[in-house]
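Have the sequence and the 3D view open as you read.

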Amino acid sequence: MNSHALRQLAETNSIIEELMKTESSDVLMIDYLSVVATREEASFLWRQVLQSRRSHYDWLRGLFYQMNGRWPEVDQEIFRPPSTYEEGLYIQIRRLEYRKVQMMKLMNQTITLYVHQSLQIIYNQMQYEELLLRQLQRFE
């Protein structure tokens, strides 16, 4: 691998590891929000977001393993319940926006077609989550 490809791999690894830091707190917060939601429709949508988020974390983890032959090692962010349901929704929207920007960076510097296709799958999941979160905003 040439030095340019090694730099790209290192940057890709760094971004994936950064995204993986919120896995635990995301899963716990989304599950928490599905429980405290006052409407059954909102609770259902949160469970859909949770399923999608778990899937895209699995894709990220698998992609990292495929590129490096090892699993990512990250310090997980500690879960802190939001003060209000609305704050939790806002946090998840903000995190998703950040994640989409990071995914675009990764897709623009992709090393291989396989990596690009995997990132596209994850990005598509994020777009689905965005639709669900927009729907949740309507219930406020």
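Which residues have the most contacts inside the largest nonpolar core? Keep in mind that you're looking at a predicted model. The largest nonpolar core has 36 residues, and those with the most contacts inside it are Ile16, Trp46, Met103, Leu133 and Leu136. The elements giving two or more residues to this core are α1 (3-20), α2 (23-36), α3 (40-68), α4 (85-108) and α5 (113-138). The biggest giver is α3, which supplies ten residues. As general background, nonpolar side chains in soluble globular proteins tend to be buried together.

Setting aside residues up to four places away in sequence, Leu136 touches Ala42, Leu45, Trp46, Val49, Tyr85 and Leu89.

Now for the way α3 sits against α4. In general, two packed helices are described by the angle between their axes and the distance between the axes. For α3 and α4, the axes come within 14 Å and cross at roughly 30°. The cut-off for roughly parallel is an angle under 35 degrees, so α3 is roughly parallel to α4. The crossing of α3 past α4 is left-handed. On the α3 side, the contact is made by Ala42, Trp46, Arg53, His56, Tyr57 and Leu60, while α4 brings in Tyr85, Leu89, Gln92, Arg99 and Met103. Sort the residues of this contact by class and you get seven nonpolar, two polar and two charged.

Stay on α3 and move along to Leu63, which is found in that helix. Is Leu63 buried or exposed? Its relative accessibility is 1%, and buried means under 20%, so Leu63 counts as buried. Leaving out residues up to four places away in sequence, Leu63 touches Ile16, Tyr114, Val115, Ser118 and Leu119. Take Val115 from that list: Leu63 and Val115 are 52 residues apart along the chain, yet their C-alpha atoms are separated by 7.1 Å.

Last stop, a glutamine. Gln8 lies in helix α1. Its relative accessible area is 18%, and the cut-off for buried is under 20%, so Gln8 is buried. Which residues is Gln8 in contact with, leaving aside its neighbours within four places in sequence? Those are Gln109 and Ile111.

Conventions
Residues numbered from 1 in each chain as written. Predicted model: local features only at pLDDT ≥ 70, side-chain atom pairs only at ≥ 80, totals over all residues. Heavy atoms only, no water. Core = buried A, V, L, I, M, F, W, Y, C linked by side-chain atoms within 4.5 Å. Buried < 20%, exposed > 50% of the residue type's maximum accessible area, 1.4 Å probe, protein only. Helix = DSSP H or I, 4+ residues; strand = E, 2+ residues; numbered from the N terminus. Contact = heavy atoms within 4.5 Å. Axes fitted to C-alpha atoms, helices over the stretch in contact; angles between N-to-C directions. Parallel < 35°, antiparallel > 145°, perpendicular 65-115°, else oblique. Left-handed = near helix turned anticlockwise from the far one by under 90°. Nonpolar A, V, L, I, M, F, W, Y, C, P; charged D, E, K, R; others polar.
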